[in-house]
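This report describes selected local features of a two-chain protein model.

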Amino acid sequence: MNILAKIKKANLLGRGGGCFSTTLKWKMVDEASGNEKYIVCNASEGEPGVKKDGYILKHRAEEVIEGIEIARSFLNKGKKKIKVKAYIYINGDYYQTLGPGLLECIGKKDIELFVKPHGAGYIGGEETSILNSIEGERIEPRLRPPYPTTNGLWGCPTLINNVETLLNVSLVNSDNYRKERYYTVSGKAQNKGVFYLPDDWTIEKVLKETRNYPFFDFFVQVGGDGSGVVLNKKQLKIPVNGAGTIKVYKLQGHKAEKIMKSWLDFFLGESCGQCTPCREGIYRLSQIVKKDSVDWILFKEILENLEESSFCGLGCAVPIPLKSYLKNVAKLPGVFIQDQKLVCKCFK
Amino acid sequence: MAKIFYITLNNKRTKCSEGETILEVAKRNKISIPTLCHHLDFSAKGNCRICVVEVKEKGSKKKIGDLVTSCSTEARPGMIIKTNSEKVKKSRNLNIELIFSEHVEKCESCVWSLNCSLRKMARDYDVKITRFKERKENRKIYKFANAVEIDGTQCIDCRNCIEACSVMQNINYLEIKGKGYKQEIVPTTNKDFDCIYCGQCALHCPVSAAQEQSEWEEVEKKIRNKKKILVAQFAPSIRVSVGEEFGLPYGKIVTDQIVSGLKALGFDYVFDVNFGADLTTMVEAEELLERIKYKKTIPMITSCCPAWVKYTEFYHPELIPNLTTSRSPHIHLGGVIKTYWARKMKINPKNIEVVSIMPCTAKKYEAKRKEMKVGGNYPVDNVLTTREFAWLMKKNKIKFGKLKNEKSDNPLGEYTGAGAIYGGSGGVMESALRTAHYMACGNKKSGVCRSKIDFKEVRGMDGVKEAVVKVAGSPLRVAVVNGIGNIEPIIENLSNYDYIEVMACPGGCIGGGGQPIPTTKEIREKRIQALYKIDKGKKIRKAHENKGVLEVLDWLEEKKGLEHKVLHTYYYSKRLKRGK
Ligand code: SF4
Ligand code: SF4
Ligand code: SF4
Ligand code: SF4
Ligand code: FES
């Protein structure tokens, strides 16, 4: 069985949080025309709470690099004329500690370590921002289409895969893939850390099996401490989505304003500023919640506009923690209760 | 041939061709969709998000579609599109409202105030504009010499100015500083870059945050005070553009209306810079032949575009000897007004105020260059852009287009077809070639010297036009650079040419930074065609046949010392300023 068929059979999904089908992505880059192609292993890990890529690079770098090489030979197989260059786009902190080891591991292979510039933040890990970053352009998302799969680095077809995805590729290749994934548990949990467990476990099961299920009243944020969805204790019978994180919050005594402000501050600092709904909207949201009497109608209007009309996934994701928190935990303003949507369309 | 297919646009089956954006299809079908960051000169950026429409793809089971930006999304077969659904209205209006809160309104002093796109948008779409407090009140205003400014309190972050400065002009003077809501358009701190004052940023700004540094208030005061003799002179290119400000079609020729408009504003005399252009042609053609004859620095390069001059002085001072020393048409004419005409009229030049109506922001800077002074006087006291001029007329309720036609005053109002085409790319070169051809031939009536008028090789909208033309039988290698963004390859191959025309603005001055907004490729073309129409309609189409010009030149020749001052200038390297 060739590698694409294996990937397809294993039904690999992007582990950067997007959950896009790896098979499709590989196919698109493979089918895109061009004699020069690129592979970017995304190790930028910019969202607070996500630690697994660093963990994988520390413990399983060889397999990840193997995954890159598998991708390379897939892209130039039979067509020796196609030049495939690979980058590992790595978070600056990880580079500090893991850089030397990685370089040794890479050896003579044609893989360049590209250190994510200081201050590039969360948005600097977004696929098209990575392209801009490597090209030396302003770090912010590009207009799509065209997509990186056909017009990526310097206009060439580019395969951008997360560290964990490439690890899975090498596992699939050697028939060792066991449908497991990395989870990061953080916050008010007793046994915080990174865990490698079956990928279909529910949130509740992950918390229990890792001895992290709290004995106090709590709620969680799942899929990233910035853009993840907030769920209450009764909503934990679903699998962990996105980048596989669970942050535990203590219900009693937590301050609604404080927690909402922390999300808004995160987005305020990360918004690249390109588009109106995000640049202006987040600013206005953070002004609105500062007021003594919050205008929830306007708040909701701005959130919905972010969801509907933002340029990239960051803007679309702003409503996820805020709306779900208001709905599932704060049970606060009536305006949010009827709203059924929890996951932003951009991440579907 | 592009593939043809159908979509459903606001419940109507609508034909599209492959590659068309939803916005294009809508426009074609007279459905209006508001836009701000979209400009036909640039590829779509999709950042303002006010052009959103609701789209359901073919076969979608959804009740309500998703929003996409119509400026950047191509129509696809079977799409069901709504441009005015509830969902669209909600997002579009909120985005307009948010954008408004970035823009401190300064309407009383804004040349746009009577046709402001933002306020029109608020009216048309019934947008609330008072829910948010202004957020940019404390932003800086950046001024570039006395020509252009970017008012940070009004900037809506659309980035058109960056596109204009970097992609179109390749000057890279503007940058985005910071991120998120803190981002700001700023001049670069890198001392290796400098502004050339072309004003393309202003021409492409949808909300007049990037704009000319206005002089209309000063001019209005001068008119009101009436202490001096007020003389207006207007550029070749504005007669085919200013009509647009009053709803006339693109490329409508309104020369005589401009004269009556200026008189109605209160100017005592109105002269035509086309006369100055004929004068410039004479000076330049003579210099060209001299350089060739005496094997002086070749190629000779035109200098009537002050933005190009600034470019040379800053980026390529080594080319200063290549620039013609001839002054530009409005400086020529200004100088003539304050010497020849003043003497003739027995007026002390100190009592004359000359105001140029120009398509250009760089002309503001040029007019204030110290070395322009003639006998202690600036030839030109103020420069108004086409936009400022139109605004003054609107403000003073002058019914432009419905005025009684008037002709420019004489003797400095007469012009030839050669002067007329100065306003378009290739025009300066063609005028000079017509005259050089004649000059080189002397009065001989040999075969090669048959009068030659049209040099069509140098016309058109290409970025670079090259040709070998025969002037009096000898080949002359010429190049026309249409837009400063195209200059570098020509500089790299300088020795391939004898004569080069450079205009910083795409299309030449008809696309200048002071021209009516919008200016797009299609509009530039219409304006340029109108210039050639004027040329064609003129009995006299060669500068050396302009009797008034010949008379002025004769007069100047007798006044040694003055002649050089009025006709020529010099340049100096501006690299000195560059720090390490
Ligand atoms: S939503 Fe807009 S402003 Fe926000 S990060 Fe994306 S592109 Fe930038
Ligand atoms: S005037 Fe011209 S060079 Fe100066 S900032 Fe504007 S576009 Fe750039
Ligand atoms: S100055 Fe004008 S063109 Fe430039 S970003 Fe601001 S609004 Fe847009
Ligand atoms: S091309 Fe004309 S309008 Fe543009 S900067 Fe030069 S002189 Fe001014
Ligand atoms: S006009 Fe389409 S996003 Fe600005």
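## Backbone of chain B

Where in chain B is B:Ala145 found? B:Ala145 is in the loop between strand E6 (141–144) and strand E7 (148–151); helices (H or I, at least four residues) and strands (E, at least two) are DSSP runs, numbered from the N terminus. The model is predicted: local features need pLDDT of at least 70, side-chain atom pairs count only at pLDDT 80 or more, and totals for chains, interfaces and linings use all residues. Residues are numbered from 1 along each chain as its sequence is written, chains are lettered from A and ligands numbered from 1 in the order in which they are written, and side-chain values use heavy atoms, without hydrogens and water.

Most residues other than glycine have a negative phi, and most peptide bonds are trans. The phi of B:Ala145, however, is near 50°, and that of B:Asn170 is near 55°. B:Asn170 lies in the loop between helix H4 (160–168) and strand E8 (174–177) of chain B.

## Cis peptide bonds

In chain B, a cis peptide bond joins B:Ile298 and B:Pro299, with omega about 0°; B:Pro299 belongs to the loop between H8 and strand E13 (300–301). In chain A, A:Pro145 and A:Pro146 are also joined by a cis bond, with omega about 0°. A:Pro146 is found in the loop between H5 and strand E4 (158–162) of chain A.

## Helix H5 of chain A

Helix H5 (residues 127–135) of chain A contains A:Asn132. The C-alpha atoms of A:Asn132 and A:Leu153 are 8.0 Å apart, while the two residues are 21 apart in sequence.
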